[in-house]
Amino acid sequence: MKVRFLGSIRVRIVAAFLAACVALIGALGFMLVQFAGVSDSLSMVTEGYLPLKDIVGRLERDKERVKTDLDRLVRAEHRPATGVSSPSHIYTAVLKQDLEVGRVHARQAREQTQDPEEQAIIRKILLQLDRIESSFQSYEDRALAFRRLAEQGRIEEANTWLDGLRSDEARLDVEIDTLTRLIDGRIDHLTMKTEQARARATAV
């Protein structure tokens, strides 16, 4: 009877020990999964979305430099240069280059993730870059026509392009702002997701 009782105690101790081991392994596994998610999210932010955010800033700067030069032309103010040396001509080319760099960053971000949600967001970013390019093409065409006429002193003819130019400028602002909100929203989402995953992992 005593032997049977002692054997029962041993079984319970072993069972409790095994249960504790299983629980510990499960907790460690959960932590590893959470920290892997943290790592993936941080990687998408730092290597994917932050470079794209930098590109958006460059697009805004390029567009403002084109606009500033054209505004000086409208007000007949001094400009650093004219023709192909003018800021509006130079930064038109720079903006196009920055758009292409943005596409490269977006494609690289798409390659580094298999997450369907991230893939969908990056597709939206690429489409938005296309929309910006389309809007800028119209803006560039009107800006070039206006600049050439104004620099030739044909002010009345040049002014006939202003309404369309301002309309294209406003449309371009909207498209760039849409891209800004798309990228900033994703950075905020992943940052919050990272903090939540870290909190769950450290709470185990």
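This is a predicted model: local features need pLDDT of at least 70, side-chain atom pairs count only at pLDDT 80 or more; totals for chains, interfaces and linings use all residues.
## Helix α2 and its buried face

In helix α2, the buried residues are Pro87, Ser88, Thr92, Leu95, Asp98, Leu99, Gly102, Arg103, Ala106 and Ala109. Here buried means under 20% relative accessible area, exposed means over 50%, and partly exposed is in between, with a 1.4 Å probe and protein chains only. Helices are DSSP runs of H or I with at least four residues, strands are runs of E with at least two, and both are numbered from the N terminus.

Helix α2 covers residues 87-111, which is 25 residues, and reaches 36 Å from its first C-alpha to its last. That is close to the 36 Å expected at 1.5 Å a residue, where the expected span is 1.5 Å times one less than the number of residues.

## About the model

Residues are numbered from 1 along each chain as its sequence is written, and side-chain values use heavy atoms, with hydrogens and water left out.

The chain has a mean pLDDT of 83, and 76% of its residues reach 70 or more; pLDDT is the predictor's confidence in each residue, from 0 to 100. Over residues 27-37 the pLDDT is below 50, and this stretch has nine contacts in the model beyond near neighbours in sequence. A contact means heavy atoms within 4.5 Å.

## Overall architecture

Of the 204 residues in the chain, 33% are buried. Among contacts with a separation of 6 or more, 76% are accounted for by residues 24 or more positions apart.

## How α2 meets α3

Two packed helices are described by the angle between their axes and the distance between the axes. For α2 and α3, the axes come within 10 Å and cross at roughly 170°. That crossing makes α2 roughly antiparallel to α3. The axes are lines fitted to C-alpha atoms, for helices over the stretch in contact, and the angles run from 0 to 180 degrees between N-to-C directions. Angles under 35 degrees count as roughly parallel, over 145 as roughly antiparallel, 65 to 115 as roughly perpendicular and the rest as oblique.

On the α2 side, the residues making the contact include Ser88, Thr92, Leu95, Leu99, Gly102, Arg103 and Ala106. On the α3 side, they include Ile122, Ile125, Leu126, Leu129, Ile132, Glu133 and Phe136.

## Inside helix α3

The count of aromatic pairs comes to one. Phenylalanine 136 and tyrosine 139 have ring centres 6.0 Å apart and planes at 50°, so the pair is tilted. Rings of Phe, Tyr and Trp (its six-membered ring) pair if their centres lie within 6.5 Å, with planes under 30 degrees apart counted as stacked, over 60 as edge-to-face and the rest as tilted. Both phenylalanine 136 and tyrosine 139 are buried, and, being three residues apart in helix α3, they are separated by about one helical turn.

Serine 135 also belongs to helix α3, which spans residues 116-151. Serine 135 is buried, with a relative accessible area of 8%. Leaving aside neighbours within four places in sequence, serine 135 is in contact with Arg171, Leu172 and Glu175. Elsewhere in helix α3 is alanine 120, which at 27% relative accessibility counts as partly exposed. The C-alpha atoms of alanine 120 and arginine 110 are separated by 9.2 Å, with the two residues ten apart along the chain.

Alanine 76 lies in the loop between α1 (2-74) and α2. Alanine 76 is not a glycine, yet has a positive phi of about 60°, and at 70% relative accessibility alanine 76 counts as exposed. Isoleucine 155 is 79 residues from alanine 76 in sequence and 9.9 Å from it in space, C-alpha to C-alpha. Isoleucine 155 lies in helix α4 (residues 155-159) and is partly exposed at 45% relative accessibility.

Proline 87, found in helix α2, is buried at 16% relative accessibility. Not counting residues up to four places away in sequence, proline 87 touches Arg65, Asp69, Pro80, Ala81 and Thr92. Proline 87 and leucine 70 are 17 residues apart in sequence and 8.9 Å apart in space, C-alpha to C-alpha.
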